[in-house]
Amino acid sequence: MSRAAEPMNSGAGIYFDGVTSARRDVLVELAPTNLQISGRDGHSWGQWPYDEIEELTAPDSILRLGRRGSATLERLEIRDPAFAAEIDARAAHVDRTGAGQRRERMRVIAWTVVATASLLLVAWFGVPAIAGRLTPLLPATVELKLGNAVNMQIRSMLDSRNAGAAFECGIAAAELRGRAALDKLVRRLEEAAALPLPLRTNVVRRDEANALALPGGQVYVFQGLIAKADNADEVAGVIAHEIGHVAHRDGTKAVLEGGGLSFLFGMLLGDFVGGGAVVFAAKSVLQSSYTREAETAADAYATDLMNKAGGDARGLAAMLDKIGGAPEPGMKILLDHPETKARVVAIRKAAAAVSPRPFLDAGEWAALKSICAGS
Amino acid sequence: MTGLEAGGIATGGAVRFLGQRRFYWRLLIRGAVLLMVTLGIYRFWLVSDIRRFLWANTEIAGETLEYTGTALELLLGFLVAIAILIPIYAGFFLAALDLGLLAKLSGVLAFAVLGLLGQYAIYRARRYRLTRTVYRGLRLHQEGSAWGFAFRAMLWWIATALSFGLAYPFQLASLERYKMRNTFYGDLRGRFEASGFALLFRGLPMWALLLAPFGLAIRGFLGVDWQALADAVAQGGDDVMSKIEGGNPGLGAAIVFAMLMTATSIALAAILYPAFQAMILRWWCSGLRFGDIVVHSTLRTRHVYGAYARFVGYAILFSIVMGIIGAFSLGVTDTAVSEKFDSANQIAATLGLLVGYVVAALGFSTIYRATVLLSLWQLGMESLQLSGLSALETVKARGRPSSALGEGLADALNVGSY
């Protein structure tokens, strides 16, 4: 197929009419405003206006054309590169250089980056805001059920002891006096706090100096914290801090936030390879940022509550100072925050100056210290 | 061009793959980078690009396939799928909270419902892909009930599990018959004629080789005194393990033996996997029919091993490069951090690890796609022998494009494919 250098106004093509699979050799003629397709026998297969012609995917050696708005999948294929270039020059939507495709891809990239940014913004601001609004609306019964479900999970995570000793202290005969001392301490705090739901406080066999509150009023104080405490006010301060979490329904809020983040990152993003790690990291970072505010609020609540109950609010500060200075390995729910110093200062400042009334006498304090002694 | 002029019909060896590996590598690497930048949202565009490349470069009897699907369709299908899945997930979450009988059942129920939905999605996604495949100006399409397929598939999976895999060939054959008899090119109906028995006989030696170590391991346990063991466990105490050991001197040896046998089995499975894949692919291709068109595959097992060898080669190269980069950046941070190791540095280190992990995962998956998956496509296509191609001249258009919901569901449930 050798032609002169002058513009080609006609060339060979292969045409499929979109009605049958028959393959037809056709003559393609380039008229001023449209492209005319006719068979060897002179039968006309159609006239395609240049602005209705679109380029379809094909191997590099073939220019495959379709017609926009056509009711069928009719196709015209040009295999002569020179003639393909002639059509390219005339049809606005045919673009063999790939510039249009590149532009399209840049637009996609720009939009997905914007979408990612907006997703992160929703995760940073939206999720805690929604969880915060939603939490007060949840009825107490739902919170209790949620607490039970979380409790089962947390217990199976924390209860790593061998067979023999129970997970909770204060059950064996030698521990009953310690349990009574704990009850006395908690009762005084609970009376001052006037919570809408009953508190359940247990000391559990874990070596870390820590404590945590679950949705629905379950508070776990770790054995390691009792061991580190030098007086009842320090234990009471930590429990008051956890009561703050219960009063603010932080546990429930955290569950809602966790669910929201799992949904945002896990489901919307889907699972591309390696995405699981990104989702996990994003969740961890965001959740620890959420809890920061909650911790400060619980500190303020604890100080307030200790003042109200006539205890020494500086106990919590002393305890934080102790465990913040020498962090235990492993779980760090209570002290998961770098600005322990700032918290200690804030608590000391807000503590009442009046002389505090002790929570326990010396005997009771000794009993509480040995609440995990029997087994 | 070859001798396939208009009207000329090839009657054998008529399938060619025209794509260039270099171009495919570029497409995949660019896609991997963009996946990372967009936290995975780019996958709809990447998958569409991949399909366009594979389809357009596959030439059957002188004409190439055309993929007409778009990324926006996939994105929309995914969003609709999410809207359907949210209430389902929320329901399971609430059921799990309820702590009653429902909570105990909710795990099983979730497994069954999501499994069923996954199979449903696979069938619907296949329908989407077929109706976006155009060949000689006509599209393919798929009829049949997706729920019917999903129930069949679930029952077959249970049978396969209960029979230690022996039912698998019959599962493949039965499900493939269902898919293919509902598959049309225009008005030309497909069917599937390979038999489960044929695959079973070919695969039986492999199956026996993989399960034999397990059989030996179980025989090792038969010598153990189970009654004494149960007593020792029931007694409890700190020294359960020593009591068990004392009562059963053979137990420790049996456990070690079982672990060795399991390792043997896993190693064998890894070595035999390419042969298994080649066997299935050859059997499957040779069973495909469209009207008078008969397909036969001459795929060579050693070519599939060649593809895996290339994957291993590239993967080792990639690991070495990653290792060097990792060691270098570790050295840099080490000297910078030695004075003070505060939380900011800790965060930076964690972030570095995370990026490294994601890069490694995406890298290996890209290499796998560019070597094994592309080769399987190319080898599978080029080893096809077609006869009865004159049927291609008289096919009439039929079928309409379907929605991308199936693709979206498959994506959200992680059962998607090409």
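Two exercises with worked solutions follow, on a predicted model.

Local features need pLDDT of at least 70, side-chain atom pairs count only at pLDDT 80 or more, and totals for chains, interfaces and linings use all residues. Residues are numbered from 1 along each chain as its sequence is written, chains are lettered from A in the order in which they are written, and side-chain values use heavy atoms, without hydrogens and water.

**Exercise 1.** Describe the interface between chain B and chain A.

*Solution.*
Step 1. Contact (heavy atoms within 4.5 Å) links 55 residues of chain B with 43 residues of chain A.
Step 2. The two chains bury about 4,400 Å² between them, 65% of it on carbon and sulfur atoms; this is the accessible area (1.4 Å probe) lost on putting the two parts together, summed over both.
Step 3. Four salt bridges join the chains, each a side-chain nitrogen of Lys or Arg within 4 Å of a carboxyl oxygen of Asp or Glu. Arg79(A) and Glu63(B) form one such salt bridge (3.1 Å, N to O).

**Exercise 2.** Determine the strand order of the open sheet in chain A that contains β8, β9 and β10.

*Solution.*
Step 1. Strands are DSSP runs (E, at least two residues), and two strands pair if DSSP finds at least two bridges between them.
Step 2. β8(A) and β10(A) (residues 218–222) run parallel and are joined by five bridges. Within this pair, Val204(A) has Phe222(A) as its bridge partner.
Step 3. The order is therefore β8-β10-β9, with mixed pairing. The edge strands, β8 (200–204) and β9 (211–213) of chain A, each pair on one side only.

Notes
Helices (H or I, at least four residues) and strands (E, at least two) are DSSP runs, numbered from the N terminus.
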